[in-house]
Amino acid sequence: MKRTSRLFTALFTCFALVGAAVAALAASPVFPVDREFYPYYPSLIKWNKSSVPFNAPEVCSGCHEKQYKEWNGSVHSLAFKDPVYQGELNKGVKAVGHEISRQCEGCHTPIGVVTGEIKGPGLAGLSAIALAGVSCDVCHSISGVTHQQTPARVAENGSFIMSPGVESTEGQILIKRGPIPSHDECGGGFHKCEESPLHLQANLCASCHQVYHYDDHFPIEATHNEWIAGPYAQKAIMCQDCHMVDIPTFKRSADQFVKPDRKEYKHYFSGANYLLTYLAAGAAKITGDEELAKSLMAQYEMAVERLKSAADLELSPIYHNGKLDELKVRVKNIRAGHNLPTSLTNVRQMWLEITLKDEAGKVVMSSGTLNADGSISEVARNFASDGMGKDFHFAVNPWEVVGFSKHDTIPPRGYRDTYYGLHFPADLKNVTIEAKLRFRQADQKVAEALLAAVPKDINLEQMYGLKAVPPLPVVDMVVKEATVETSK
Ligand code: HEC
Ligand code: HEC
Ligand code: HEC
Ligand code: HEC
Ligand code: HEC
């Protein structure tokens, strides 16, 4: 009896091993996945599991009011509630199944994933900590990263480890990590502190700011890779030095490669997303939260100002045989620490619009103006990417994009030139050239499709006061004008 059961065990082990080998063979040899090491795959977050709880930002705000007020209204505070995100998530789950939602949520609300609270798209019935997105306890529980162990062997899809505290004989001890050397009063009796060099490094941000295809590991968003390949990384100007400070300090970091003073850091995480912060400000006004609406509008203004200080334009008229017939427009990335634009480059749009006017101000030629339906002109130079799917055809959804057929973003401190053939009536002595570098979060139709896909418990009219998606606002990042002679 005993022998047969042992035989069975042996046989079973054998089958299990063969099974495991087959599974390993089925996995990509280029991007091997260790599912035991990454239990939340396709998210690569890890949690040092214990009974020590995570706490909602409102708990931290009791002692850290300044950081709370700065963070509340940031895109990080909206990362999970973001209706554009919820729309895309909902589409993704319908298209390829529920598993993909862990990948998304591992970055958009990691605590909601490890506590098992998030069951799918939507907001109904969730706790404050799950709704809080990229909250205090996400970043300040991070105890390390696993960038070298990921399938792509670089930071991707949330490759960080969260350890909110330890269980000890005296009970649960919360540990929060940050830039301050630990001292006796640190944590006010609520938590212990641990000085963490990682929190002063771009590596902290890298885990989430490298979005790879959930199973094919193509870098759809590669902000950290772009930064690492540029001059800011070489001069140790980190993400924090531009995104955790106010606008004048960011400009100083970018222009002079000077690190901010410790007391200059703020929890704004201000980026380029003026659309989301504007929508959220509208929602806050509807609920009567004037203070939040104010901080969201401040975030909106910072995003617009950051975009307006990121680039520069140079216009060079070109003469052949003494006649003006060509224009070179140079777009320079002067202050983005990564490519311009970055992140969702197959969705964001940054394009050139050129107008030529005669002496009376009448438009005689234009290029790159928006079409009547709000789409971008076919001939416009759009400094963005085109995604492609497995069939090498155009694709836009993140679960389909496994390559870029075009990737035309501008590296940090780099530039791109565009040449325009000029046409204007022969009798003009002078023409005025206007060049605009324009930006918006997405194509009109793409935004409409995502917002139309929000889960049922997000009512855009009730929550955001949106009856229909209005034309997406465009920010003119740089406008340059020059009046030039038509012959020389
Ligand atoms: C590795 C972390 C990570 C993963 C995984 C991830 N995202 Fe994101 N997501 C981000 C970051 C960072 C941004 C901000 C990029 C930017 O501002 O351009 C973002 C932005 C977005 C946006 C744009 C939001 C807006 O308001 O413009 C959408 C939509 C989105 N993600 C959907 C998804 C979906 C759906 C998935 C899963 C299929 C997913 N994300 C997976 C990190 C992640
Ligand atoms: C995206 C990650 C992230 C989030 C979210 C975040 N922090 Fe921080 N926090 C940091 C980093 C990075 C630093 C170090 C900044 C520096 O160099 O001084 C920091 C510093 C701090 C410090 C040290 C003092 C200081 O301000 O420099 C405190 C306290 C703090 N954070 C509390 C909070 C609270 C409270 C929240 C939520 C309301 C929060 N943090 C959200 C990343 C984060
Ligand atoms: C009872 C008050 C209290 C609460 C509640 C509290 N903290 Fe703190 N925390 C402190 C004090 C005091 C310090 C030390 C500040 C200093 O030295 O400038 C501190 C320091 C920190 C630091 C810096 C650690 C370091 O070594 O750099 C971080 C990060 C932090 N807290 C995060 C949090 C987070 C996240 C929460 C919510 C989960 C939180 N705190 C809740 C009182 C508190
Ligand atoms: C846990 C994952 C996570 C970490 C860690 C993280 N981020 Fe983010 N971050 C996100 C997500 C997700 C979004 C986009 C949310 C959205 O658009 O819905 C975002 C958005 C942002 C934005 C706003 C982008 C915009 O379009 O305006 C900035 C700026 C930013 N992060 C900077 C940082 C910096 C700096 C760090 C490191 C100190 C950091 N992030 C760490 C997940 C993370
Ligand atoms: C030298 C300053 C500087 C540094 C360093 C820097 N950024 Fe930025 N970042 C900018 C500027 C300027 C913009 C606005 C233009 C743009 O979208 O690229 C921006 C935009 C962004 C956006 C918004 C993209 C969008 O389309 O919504 C994200 C996300 C972001 N940065 C993340 C990061 C991360 C993560 C790092 C570190 C790996 C980093 N940044 C380092 C200056 C910087």
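## Terms and model

Two residues are in contact if their C-beta atoms, placed from the backbone, lie within 7 Å. Helices (H or I, at least four residues) and strands (E, at least two) are DSSP runs, numbered from the N terminus.

This is a predicted model, in which local features need pLDDT of at least 70 and side-chain atom pairs count only at pLDDT 80 or more, while totals for chains, interfaces and linings use all residues. Residues are numbered from 1 along each chain as its sequence is written, and chains are lettered from A and ligands numbered from 1 in the order in which they are written.

## Helices α5 and α6

Tyr85, Leu89, Gly92, Val93 and Val96 of α5 meet Ile100, Ser101, Cys104 and His108 of α6. By class, this contact of α5 with α6 has 6 nonpolar, 3 polar and no charged residues. Here Ala, Val, Leu, Ile, Met, Phe, Trp, Tyr, Cys and Pro count as nonpolar, Asp, Glu, Lys and Arg as charged, and the others, Gly among them, as polar.

Helix α5 covers residues 83-96 and helix α6 residues 99-108; their axes are 9 Å apart and the packing angle is about 155°. Axes are lines fitted to C-alpha atoms, for helices over the stretch in contact, and angles run from 0 to 180 degrees between N-to-C directions. The two helices, α5 and α6, are therefore roughly antiparallel to each other (angles under 35 degrees count as roughly parallel, over 145 as roughly antiparallel, 65 to 115 as roughly perpendicular and the rest as oblique).

How many residues of α6 are buried? The number is 7 of the 10, so α6 is largely enclosed by the rest of the structure. A residue is buried if 20 or more other C-beta atoms lie within 10 Å of its own, exposed if 12 or fewer, and partly exposed in between, with C-beta atoms placed from the backbone. Among the buried residues of α6 are Gln103, Glu105 and Cys107. The cover over the buried residues of α6 includes α5 and α7 (110-114).

## Two domains

The protein is divided into domain 1 (28-229) and domain 2 (310-485), with bounds that come from an automatic or database domain assignment. Their C-alpha centres lie 33 Å apart. Domain 1 gives 24 residues to the contact and domain 2 gives 22 residues.

On the side of domain 1 that touches domain 2, α5, β8 (219-222) and α11 each supply at least two residues. Helix α5 gives the most to this side, with 10 residues. By class, the side of domain 1 that touches domain 2 has 12 nonpolar, 7 polar and 5 charged residues.

## Serine 487

Serine 487 is found in the segment after β17 (475-485). It has 10 C-beta neighbours inside 10 Å, so serine 487 counts as exposed. Serine 487 and glycine 322 are 165 residues apart in sequence, but their C-alpha atoms are 5.3 Å apart in space.
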